[in-house]
Amino acid sequence: MFEKTPGLITGGVEEGEYSRTPKFRLRDGVDPAALRFGALGYAEAARASWEVFQRLQAAGVLPDARFQVSLPTPMAPIRLHFDASVQAAVEPVYEAAMLRELELITDAVPHDRLSIQWDTAVEFGMLEGVFPSWIPDLEQGILDRLIRLGDAVPADVEVGYHLCYGDSGHRHFVEPKDTGRLVAVANALADGLTHPLAWIHLPVPIGRTDPAYFAPLRDLRLPARTELYLGLVHATDGEDGARRRIDAALTAADAFGVATECGFGRRPPESVPGLLALHAAVAGLAT
């Protein structure tokens, strides 16, 4: 999509990145305010998937559940795909394009059947000092952006956040010391959002079966209506590993839902039924 955007040229692939991606910059003489992104593809994909979702629900294959659309925050493609010299200038233009995609999605799907999730990963790379940032007041700037995105969702559409430490090649860009930074961001979202916060999802690395990783969850201040999900289900060590992580998490949190660490993406389709069965096997242990 960036390659087809007038006014952008690619500067090649940046070395030493967590994920190696082409870097774009502005052509000489192009005013960033005049840049116009076309359709980003998220609304088109969501509408097509919604048609399948409705058909499967009508056939009784799927239960009476909401249709979730997960969207990357605008900071992610800006940080990963643009040269550092133009990131600050291009970000507001791209954010506007993403909000147009959100509007198209919320126009296409009935609000009482829709959930929006903002996938938040690059922001933690910045907060951890792994990725350089163009934001002067980094922590507040990130929170302002995340709150703005949440409040842009119509009030009668559920909204949640997937807080993430990356999954490129099924590895993190840095291993979190514990849930402390995740809890701080979750609390700030709960405090700052005007929109009701339906859920927060936090990652749990496969090796963290120790209570120390989960200890900061004691400081989590989520409203009663907000659900907590911990991404502690890993296909690699199956039910036994999930049980160990659940036991450790219960030392700091009374109840939570379970999930994979970073969704079902980047997996062969044939692995999904087994992964769903793994969720079903352990879901009742965390409530």
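**Close-up views of a predicted model**

**Figure 1. R148 and its salt-bridge partner E95.** R148 has a relative accessibility of 40% and therefore counts as partly exposed. The model shown here and in the other views is predicted. R148 forms a salt bridge with E95, and their closest N and O atoms are 2.8 Å apart. Because E95 lies in helix α3 and R148 in helix α5, the pair ties together parts that are 53 residues apart in sequence. E95 has a relative accessible area of 10%, so this residue is buried. The structure holds nine salt bridges.

**Figure 2. R145 in helix α5.** Helix α5 covers residues 138-152 and includes R145. Is R145 buried or exposed? Its relative accessibility is 16%, which is under the 20% limit, so R145 counts as buried. Leaving out residues up to four places away in sequence, R145 touches M75, E91, W134 and I135.

**Figure 3. The salt bridge between R181 and E128.** The closest N and O atoms of R181 and E128 are 3.3 Å apart. This pair links distant parts of the chain, with R181 in helix α6 (residues 180-192) and E128 in the loop between α4 (122-127) and α5. The two residues are 53 residues apart. R181 is partly exposed at 33% relative accessibility, and E128 is partly exposed at 29%.

Figure 4. R245 forms a salt bridge with D237, in which the closest N and O atoms are 2.7 Å apart. Salt bridges that share partners join D237, R244 and R245 into one network. R245 has 0% relative accessibility and counts as buried, whereas D237, at 23%, counts as partly exposed.

**Figure 5. The largest nonpolar core.** In soluble globular proteins, nonpolar side chains tend to be buried together. The largest nonpolar core here has 81 residues, of which F37, I116, W118, L230 and F256 touch the most other members. Helix α3 (residues 87-108) gives the most to this core, with seven residues. Which residues does L230 touch, not counting residues up to four places away in sequence? Among them are L202, V204, F214, L217 and F256. Of the 287 residues in the protein, 47% are buried.

Figure 6. V52, L56 and V61 make a nonpolar surface patch of about 220 Å². V52 is found in helix α1, which runs over residues 42-58. The relative accessible area of V52 is 35%, so V52 is partly exposed. The accessible surface of the protein comes to about 13500 Å², and 53% of that belongs to carbon and sulfur atoms.

Key
Residues numbered from 1 in each chain as written. Predicted model: local features only at pLDDT ≥ 70, side-chain atom pairs only at ≥ 80, totals over all residues. Heavy atoms only, no water. Helix = DSSP H or I, 4+ residues; strand = E, 2+ residues; numbered from the N terminus. Buried < 20%, exposed > 50% of the residue type's maximum accessible area, 1.4 Å probe, protein only. Contact = heavy atoms within 4.5 Å. Patch = residues over 30% accessible without salt bridge, like charges linked within 9 Å, V, L, I, M, F, W, Y side chains within 5 Å. Areas by Shrake-Rupley, 256 points an atom, 1.4 Å probe, with all protein chains shown as cover. Salt bridge = Lys/Arg side-chain N within 4 Å of Asp/Glu carboxyl O. Core = buried A, V, L, I, M, F, W, Y, C linked by side-chain atoms within 4.5 Å.
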